[in-house]
Amino acid sequence: MNVLITADLHLDHWARAGRDPFAGIVPVLRDLDALIVAGDLADNPHRNWPSSLSRLARLVATERVWVIPGNHDYCGATLDDRVLAEIAGTAGVNFAQKRVLTFGTTRLLCCTFWTDFALMDDTETAMARAAMAMPDYARIHLADGELLTPEDTAAIHRDHLDWLTREIERPWSGQTVIVTHHAPSAAVSGPLSGLSPAFASELEDWIGAHRPDYWFFGHTHRPLSARIHDVPVINVSLGTPDEVPEGEEADHLLRGLIFAGS
């Protein structure tokens, strides 16, 4: 079974730029058993998810498409997975927040993940910097109308990590693949800055303890990979049109193509 895991499609940006990122991989897409979008399908989901999902549906059967929300998928809306699940369901695609997907002998553990802001040890400073600089905390609201805070996303990170831990500890005889939007290690974050803790957490010990077969992620828009305790950790971001030279779209999109044993 062929499964493509990709992230950061930002299809609203590509539509505005008049470019088709999928032009070079249409035959691959037609042959997929599953397409997993690991976050950042499009900003402002009420306005842009229906057209973005319709675009994907012209290439992959809707029942084979799974969407995990990224931070941008909440921008211009509320942090409410029920809303995103409804939009996805209306389009006929699957919503994969905190979902275990099985394809043959392969299971995928899927969630947004966010971060714990502890990457560089000074959590309080990291949260303050993120609150000032990250658009998430100016453009995403909670259900009660209050703006999202770094403390809120750190709490979600803890919940998602607890969920991943419970699921990966369930007996499974096949391959286990983790798919998140945010990064699990400084090793794949690129050059560190004051905002790096909003992009990655340090989960190397967790990876060593639980040993998934792969960990795929997005968010950073940096095509980096590393082996952590011999586990391949791979960024599968496409990125925005200004980040991807024409002709290189396929190289970015196919980084997460895997074969799930039957």
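Predicted model: local features only at pLDDT ≥ 70, side-chain atom pairs only at ≥ 80, totals over all residues.
A salt bridge here is a side-chain nitrogen of Lys or Arg within 4 Å of a carboxyl oxygen of Asp or Glu.

**View 1. Asp 20 and Arg 55 join in a salt bridge.** Look for the side-chain contact at 2.7 Å, N to O. Asp 20 sits in the loop between helix H1 (11–17) and helix H2 (26–30), while Arg 55 belongs to helix H3 (residues 45–57), so this pair ties together parts that are 35 residues apart in sequence. Asp 20 itself is partly exposed, its relative accessible area being 34%.

**View 2. Arg 139 pairs with Asp 43 in a salt bridge.** Here the closest N and O atoms are 3.1 Å apart. As you zoom in, take a moment for the surroundings of each partner. Arg 139 is partly exposed, at a relative accessible area of 34%. Asp 43 has 10% relative accessibility and therefore counts as buried, because the buried class covers values under 20%.

**View 3. Asp 230 and Arg 227 meet through their side chains.** This salt bridge spans 3.1 Å from N to O. Are its two partners, Asp 230 and Arg 227, buried or exposed? Both residues are exposed.

Conventions: Residues numbered from 1 in each chain as written. Heavy atoms only, no water. Helix = DSSP H or I, 4+ residues; strand = E, 2+ residues; numbered from the N terminus. Buried < 20%, exposed > 50% of the residue type's maximum accessible area, 1.4 Å probe, protein only.
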